[in-house]
Amino acid sequence: ADELRNALFKAVDQLTPRERELFTLRQWEGLSNDAIAQRTRIAKNSVKVMVSGARHKLMQLLRSFLES
């Protein structure tokens with residue numbers, strides 16, 4: 001479990017600052033896309049696309065860890 005947590009944190013660090021901000025607000029703080037859009041002044045659809053892109057990037061970064 002600690003290894004997975006460390007791998008996740010390392011992967012999150014590889015996201016762009018904006019991706020990291022939006023991913024953190026969505027996944028770790030539990031904010032809705034609407035709330036994130038209001039807080040960051042980014043269009044709701046853009047928030048949705050960027051969070052989805054960040055998740056996809058994280059899965060790619062974690063793929064080798066998850067397959068071992």
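Is F9 buried, exposed or partly exposed, and at what relative accessibility? I began my notes on this predicted model with that residue, and I found that F9 counts as partly exposed because its relative accessibility is 40%.

Aromatic pairs. I next looked up the aromatic rings, and by the rule I used the count comes to 2 pairs.

W28 and F23. For W28 I wrote down a relative accessible area of 41%, which means that W28 is partly exposed. W28 also forms an aromatic pair with F23, again edge-to-face, at 5.6 Å centre to centre and with 75 degrees between the planes. F23 itself has a relative accessibility of 7% and therefore counts as buried. Taken together, F9, F23 and W28 make up one aromatic cluster.

T40. I then turned to T40, which I located in helix α3, a helix that covers residues 33-40. Its relative accessibility is 13%, so T40 counts as buried, given that the word applies under 20%. Which residues is T40 in contact with, leaving aside its neighbours within four places in sequence? My list for T40 reads R18, E21, L22, L25 and V47.

Technical notes: Residues numbered from 1 in each chain as written. Predicted model: local features only at pLDDT ≥ 70, side-chain atom pairs only at ≥ 80, totals over all residues. Heavy atoms only, no water. Helix = DSSP H or I, 4+ residues; strand = E, 2+ residues; numbered from the N terminus. Buried < 20%, exposed > 50% of the residue type's maximum accessible area, 1.4 Å probe, protein only. Contact = heavy atoms within 4.5 Å. Phe/Tyr/Trp six-rings, centres within 6.5 Å; stacked < 30°, edge-to-face > 60°.
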